[in-house]
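Keep the model open while you read.

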Amino acid sequence: MRNQVPLDISVIPLRPAPARRTVTPPAPAPVPAAPAPKEPLWRDLVGDVLRRERLAQERTLKDVADTARISMPYLSEVERGRKEASSEVLAAAAQALGLGLGDLLTRAQGELVRITSRRAPAGRSTPRASYDGLCLAA
């Protein structure tokens, strides 16, 4: 004997069927505004000046470090901007390169002016004081 299923039976789901969703393409992500350029760090500027001067004189890191009585690894980190050197260390490194501390700082200040003036937005004029000085803050 065959079991016959009556034709009027319906299946009742235990969970409701999920609603049909229409697929809409995702909205394009907003383009984030470019972050404001960071101000250069003083230690990076001074380190760059020391390294450029040492390389211009074709001297080794060891030679300058020995003359300045600074450890070679420390001078290397100062040149790379990884260490914030004291004024005594900067003066010794500058003197080993035949520079005065003022010469070193003036060159770093010139580099700072060059970098920041290049980053100034076009069309915006900022009032600048006309002076030929150097200001250091600790």
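Helices here are DSSP runs of H or I with at least four residues, and strands are runs of E with at least two, numbered from the N terminus. The model is predicted: local features need pLDDT of at least 70, side-chain atom pairs count only at pLDDT 80 or more, and totals for chains, interfaces and linings use all residues. Residues are numbered from 1 along each chain as its sequence is written, and side-chain values use heavy atoms, leaving out hydrogens and water.

**Two glycines after helices**

Just after α4, G98 takes a positive phi of about 80°. G98 sits in the loop between α4 and α5 (101-119). With a relative accessible area of 64%, G98 is exposed. Here buried means under 20% relative accessible area, exposed over 50%, and partly exposed in between, with a 1.4 Å probe and protein chains only. G98 and R54 are 44 residues apart along the chain, and their C-alpha atoms are separated by 10.0 Å. Just after α3, G81 also takes a positive phi, of about 75°.

In α4 (residues 87-96), V89, L90, A93, A94 and A96 are buried. Seen down the axis of α4, these residues fall within an arc of 160°, so they line one face of the helix. The arc is that of the directions from the helix axis to the C-beta atoms. On the other side of α4, E88 and Q95 are exposed.

The largest nonpolar core has 23 residues, of which V46, L50, I70, L75, L90 and L104 touch the most other members. Such a core is a set of buried Ala, Val, Leu, Ile, Met, Phe, Trp, Tyr and Cys residues joined through side-chain atoms within 4.5 Å. Helices α1, α2, α3, α4 and α5 each supply at least two of its residues. The most come from α4, with five. Not counting residues up to four places away in sequence, L90 touches V46, L50, V78, A85, L101 and L104. Contact means heavy atoms within 4.5 Å.

**Helix α3 against α1**

In α3, the buried residues are L75, S76, V78 and E79. They cover an arc of only 160° around the axis, which puts them on the same side of α3. They pack against α1, α2 and α4.

How do α1 and α3 pack, by angle and axis distance? The angle is about 115°, and the axes are 7 Å apart. Axes are lines fitted to C-alpha atoms, for helices over the stretch in contact, and angles run from 0 to 180 degrees between N-to-C directions. From α1 come R43, G47, D48, L50, R51 and R54; from α3 come S76, V78 and E79.

E79 lies in helix α3 (residues 72-79). At 2% relative accessibility, E79 counts as buried. R59 is in the loop between α1 (42-56) and α2 (61-68). At 19%, R59 counts as buried. A polar contact is a pair of N or O atoms within 3.5 Å; within protein, one must be able to donate a hydrogen and the other to accept it, and residues adjacent in sequence count only if both atoms are side-chain atoms.

| Side chain | Partner | Distance |
|---|---|---|
| E79 | R54 side chain | 2.8 Å |
| R59 | T67 side chain | 3.5 Å |

Leaving aside neighbours within four places in sequence, E79 is in contact with G47, D48, L50, R51, R54 and L61. On the same terms, R59 is in contact with R54, V64, T67, A96 and L97.
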